[in-house]
Amino acid sequence: MELRVLIHAPRGRDAAVVSSVLGGHGIEALVCASHEELMAALEEGAASVILTEEALPELFSNGRLVHWLRDQPPWSDFPFVVLARKRDSQRPEKEFASLHGLGNLVLLERPLNAETLVSAAESAVRARRRQYAAREHLDELKRTRGELERLNGELENRILTRTKELASANDRLMKEINERERAQAALTQVQKMEAIGRLTGGIAHDFNNLLHVVNMNLELVSLYAKEEKVKPVVDRAKSAARRGARLTNQLLSFARSQSLVARLTRVNQLILGMKDLLEISVGSGIEVEFDLCEEDATVVLDPSQLEMAILNLAVNSKDAMPQGGKLKISTGTRFLDGDRDLPEGDYVLLTVSDTGDGIPPAVLPKVFDPFFTTKPVGSGTGLGLSQVYGFTRQSGGIARIRSAEGQGTTVEMVFPQADEEADEAVPVRQQPAVPALAGACHILVVEDDPDVRRVIVECLSLIGYKVTEAANGSEALASLAAAKPDLLVVDYAMPDMTGAEVISEARKMVGDMPVILATGYADMAAVERLAGKPRILRKPFDIAQLGDAVSTVLDGAREKVAEAGSV
Ligand SMILES: Nc1ncnc2c1ncn2[C@@H]1O[C@H](COP(=O)(O)OP(=O)(O)OP(=O)(O)O)[C@@H](O)[C@H]1O
Ligand SMILES: [Mg+2]
């Protein structure tokens with residue numbers, strides 16, 4: 001239908017003639033008698049219209065064709081062939097077309113021959129074919145554009161989803177990076193504390209031995225000295241040695257290698273026992289408040305070290321409150337799970353807080369470091385918090401500090417809670433006493449430091465014991481069989497074997513014999529593993545403490561033998 005030619009020539013025989021000429025040339029033609037017929041056929045589809053000039057006025061009068069022409073799609077410029085009557089003068093086609101609103105117009109003047117008509121009809125059909133091609137092209141373009149828009153939309157959606165995924169992956173990555181940085185910082189801090197701890201422990205151990213030698217020799221001097229004048233001089237020297245011993249004690253405590261004497265301790269009782277000491281230590285300008293929990297907060301630790309830790313914290317708080325303020329000591333018990341430093345379990349919390357100056361953020365990470373102090377030269381050693389840190393770590397807990405400038409400081413010590421049923425045996429402190437049977441007992445002293453060894457040997461001899469000495473573990477084991485001592489006094493840290501190893505080997509050789517581990521520095525876990533719970537004599541000690549330890553251990557051994565005999 002789209003290629004047919006419509007013929008509208010209402011008057012005369014024109015329509016029939018044109019139709020037959022076109023038909024004769026293979027052009028499909030349809031004659032439309034009325035203008036309604038023409039419009040209906042146009043709307044169905046046609047390539048061109050051949051019409052006579054006389055038909056134009058009626059065709060344009062009711063406006064239907066005009067609307068149809070105006071509403072043509074952009075690709076369409078419908079071709080008309082108008083058979084005009086003969087004119088005298090040449091009328092330009094343009095003027096004619098604009099007159100009637102026909103855009104694509106071929107004007108043929110009558111009379112015309114068949115060839116002209118056919119050629120005009122063919123060229124109109126060709127023109128229309130080109131328009132149809134353009135239509136297809138436009139349709140294709142529209143389809144492609146639609147497809148392109150759809151793809152663009154899809155792409156945008158995909159980009160949006162990918163962007164969201166990337167953003168969330170990025171968030172996760174940032175979280176992981178932060179987490180890793182935090183873990184790395186914590187690890188670095190732990191490694192730093194470990195490294196400083198090893199260094200400090202080593203120095204403190206050697207220094208402790210020196211102090212020990214000084215101290216015991218001073219005792220010997222005061223024993224041997226005939227002149228009364230010597231006594232106060234020795235006392236002054238001994239008091240300096242004691243101060244030195246306190247220092248090494250704190251250092252060893254930080255290094256977590258102190259020979260702690262752990263036992264079941266009720267924290268609340270211990271704090272109440274320190275009440276007067278604390279109040280005197282902080283002075284009258286500071287109010288001391290105790291907020292102790294109802295329950296028995298029991299822990300297994302060295303109570304003298306806990307006292308020292310609390311005192312260190314109280315003194316720090318006092319120094320931070322020169323104008324006065326409040327010191328609060330509280331205790332509590334708590335079940336912890338998911339704590340980053342501690343395994344899941346029941347814990348006892350001991351908190352010391354003050355209303356003092358607080359600590360600036362830049363200083364806070366350093367306060368547990370040994371020798372870190374902000375106090376003027378001579379007034380602080382920087383070992384108080386180091387002792388607190390090392391002692392809590394060695395007791396299986398942790399110490400933490402919170403502080404803000406101008407808002408006071410809180411130090412929290414967390415210890416694993418002890419089982420109430422745990423062994424409550426408290427070693428009895430006896431008055432120093434020289435055993436009556438001293439002369440009958442034989443002691444083997446094993447100590448690698450010649451000065452320390454000499455002074456111990458001399459003191460024991462002075463008390464009245466028979467003493468054999470050995471400079472290391474192998475020497476001790478060699479002389480063990482021959483000497484058959486009643487008691488072994490052993491140092492812990494020695495180059496070939498540790499004191500614990502010597503005790504373990506000696507027991508294998510001669511059975512369960514009484515021993516004293518004389519040390520300031522010991523891996524207590526290793527000691528317990530190898531030698532059980534030997535009597536610990538903490539260096540530096542004096543003659544009375546040595547005599548006390550020796551006689552207690554020997555008495556205990558004698559009692560055991562007597563019990564075994566009576567059974
Ligand atoms: N309660 C506190 N308030 C404010 N600052 C504190 C407090 N406790 C500790 N600090 C800061 O931490 C530093 C280290 O404390 P630490 O107890 O280890 O050593 P020190 O008090 O300086 O000396 P010492 O060995 O005599 O105790 C202090 O110098 C101080 O700057
Ligand atoms: Mg301090």
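## Ground rules

This is a predicted model, where local features need pLDDT of at least 70, side-chain atom pairs count only at pLDDT 80 or more, and totals for chains, interfaces and linings use all residues. Residues are numbered from 1 along each chain as its sequence is written, chains are lettered from A and ligands numbered from 1 in the order in which they are written, and side-chain values use heavy atoms, with hydrogens and water left out.

## Ser 403

Ser 403 sits in strand S11, residues 398–403 (strands are DSSP runs of E, at least two residues, and helices are runs of H or I, at least four, numbered from the N terminus). With a relative accessible area of 18%, Ser 403 is buried (under 20%, using a 1.4 Å probe and protein chains only).

Its side chain has a polar atom 2.8 Å from the backbone nitrogen of Ile 359, and also reaches the backbone oxygen of Gly 408 at 3.1 Å.

## Ligand 1

Thr 374 has a side-chain N or O atom 2.4 Å from an oxygen atom of ligand 1. On the backbone side, an N or O atom of Leu 383 lies 2.8 Å from a ligand 1 oxygen, and a polar atom of Gly 384 is 3.2 Å from one. Helices H10 (303–320) and H11 (384–394) are the elements that give two or more residues to the shell around ligand 1, and H10 brings the largest share, three residues.

Notes: Buried means under 20% relative accessible area, exposed over 50%, partly exposed in between (1.4 Å probe, protein chains only). A polar contact is a pair of N or O atoms within 3.5 Å; within protein, one must be able to donate a hydrogen and the other to accept it, and residues adjacent in sequence count only if both atoms are side-chain atoms.
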